Amino acid sequence: MKRKLKLITFIGLLTSCLTVSTQAQQKEKRASPIKFEKKMVASESIESVGVFDVDNDGKPDLVSGEFWYKGPEFFDRFYIGEVKRVREYWDDFATIPMDVNGDGKMDFITGGWFNKSLIWRENPGNNKDPWKDHIIDETGNVETARAWDVDNDGHLEIVPNNPNLPFKFYKLDRDKSGKALGTFTKVQIAEKQGHGLGFGDLNGDGRGDFIISSGWLEAPKDVLKDKWIAHNDFIFEDASVPMIVADVNGDSKNDIIVGQAHSYGLDWYQQTSKAGKIAWTKHVIDPFTSQYHSMDWVDLDGDGKMELVTGKRYRAHNGGDPGEKDVVGLYYFQWNGETFVKQTISHGPYGIGKGIGVYFSIADLTGNGRKDIIVAGKDGLCVFFNKGNE
């Protein structure tokens, strides 16, 4: 009987060890780095790339600057239209997909620093004719732009970053049936904004607030008509576009992730409270890399947890920023419950490493369920195919 009990105990301990070992292996597997396969698409030095189905064939295409690249090979390119060049810059700093005129063909929205305008480029529906440009508004210098559902109606609004100019967003006009009409209504919410832009619910009232470099703007009940309340809680200098609003540490309060677009630094600001008011505690993610100009918050490995994807912009100010001569790179950061762990996708000098530009895209290009990373910049247009972490 004692031998039988000892045998049962031994089997139980063995089973327990095997279970712990299996769980550890599974945890290790989830934490292992994702592999990426690099594909160079073009040597163009446009700093923005969007992903959408241009020709309605059911396959995602790449749109960047003067050309779009037909998927899934991205070898055949078709002319969109002229983009003005000023020194090292092409005056094209966003590629936001949107069917602006409701004709069933996807157009896109961009903006220029030098032409000081927000425009939409109309998809002609063929591979021959240039795309027609339509001015949305003469906004002033456009650093870049993003799209968020500001009024929570299921449709995206266009939000340009216009440093040192009034802060406004643009709502696409629609008829009673919801069809887009090709025009926009401007909504101004502040007298001035700086370099940097983010959007998300900071105070837990169910409405998205804006983050700018000098603080955050609290959304009123009617975001189109009522006054937005300014909270000057921080100074982020030349901040990234976007800044990410996310609950980093799982405490049910949204935090802020911000990169320094023209200097060194990547940090997250934990939302706390002080005397009954919202307060912020800074945590360093990476102080050693400069020009974290753009970023995204996305589940790259399919484990249900979000990763931070970002990198160094190549020659952001044509060689004038701190760290400009440092090697470029593309990275993702995993939150391990206590801190962010940096994983390298691409790193090295020009021609080996790859930077991020001002507007990059993440999308499943192959239909395999994995999210790929598409980056433009003065160092070329490139796709990093997500091969998983197995």
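**View 1. Asp201 sits in the loop between strand E16 (198-200) and strand E17 (209-212).** Strands here are DSSP runs of at least two residues, numbered from the N terminus. What you see is a predicted model, in which local features need pLDDT of at least 70, side-chain atom pairs count only at pLDDT 80 or more, and totals for chains, interfaces and linings use all residues. Residues are numbered from 1 along each chain as its sequence is written, and side-chain values use heavy atoms, with hydrogens and water left out. Asp201 is buried (under 20% relative accessible area, with a 1.4 Å probe and protein chains only).

**View 2. The side chain of Asp201 meets backbone nitrogens.** Have a look at Gly206, whose backbone nitrogen the Asp201 side chain reaches at 2.8 Å. The backbone nitrogen of Asn203 lies 3.4 Å from a polar atom of that side chain. Beyond neighbours within four places in sequence, Asp201 is in contact (heavy atoms within 4.5 Å) with residues including Asp209, Val245 and Asn254.

**View 3. Two prolines follow cis peptide bonds.** The bond from Gly71 to Pro72 has omega near 10°, and Pro72 is found in the loop between strand E4 (67-69) and strand E5 (77-79). From Val241 to Pro242, omega is near 5°. Pro242 belongs to the loop between strand E19 (229-231) and strand E20 (244-246). For orientation, most peptide bonds are trans.

**View 4. Asn152 and Ala275 have positive phi values.** Most residues other than glycine have a negative phi. For Asn152, phi is near 60°; this residue is in the loop between strand E12 (144-148) and strand E13 (157-161). With 64% relative accessibility, Asn152 is exposed (over 50%). Ala275 has a phi of about 55° and is placed in the loop between strand E22 (264-274) and strand E23 (277-290). Ala275 is exposed too, at 81% relative accessible area.

How values were computed:
Helices (H or I, at least four residues) and strands (E, at least two) are DSSP runs, numbered from the N terminus. Lys and Arg count as positive and Asp and Glu as negative; His and the chain ends are not counted. A salt bridge is a side-chain nitrogen of Lys or Arg within 4 Å of a carboxyl oxygen of Asp or Glu. A polar contact is a pair of N or O atoms within 3.5 Å; within protein, one must be able to donate a hydrogen and the other to accept it, and residues adjacent in sequence count only if both atoms are side-chain atoms.
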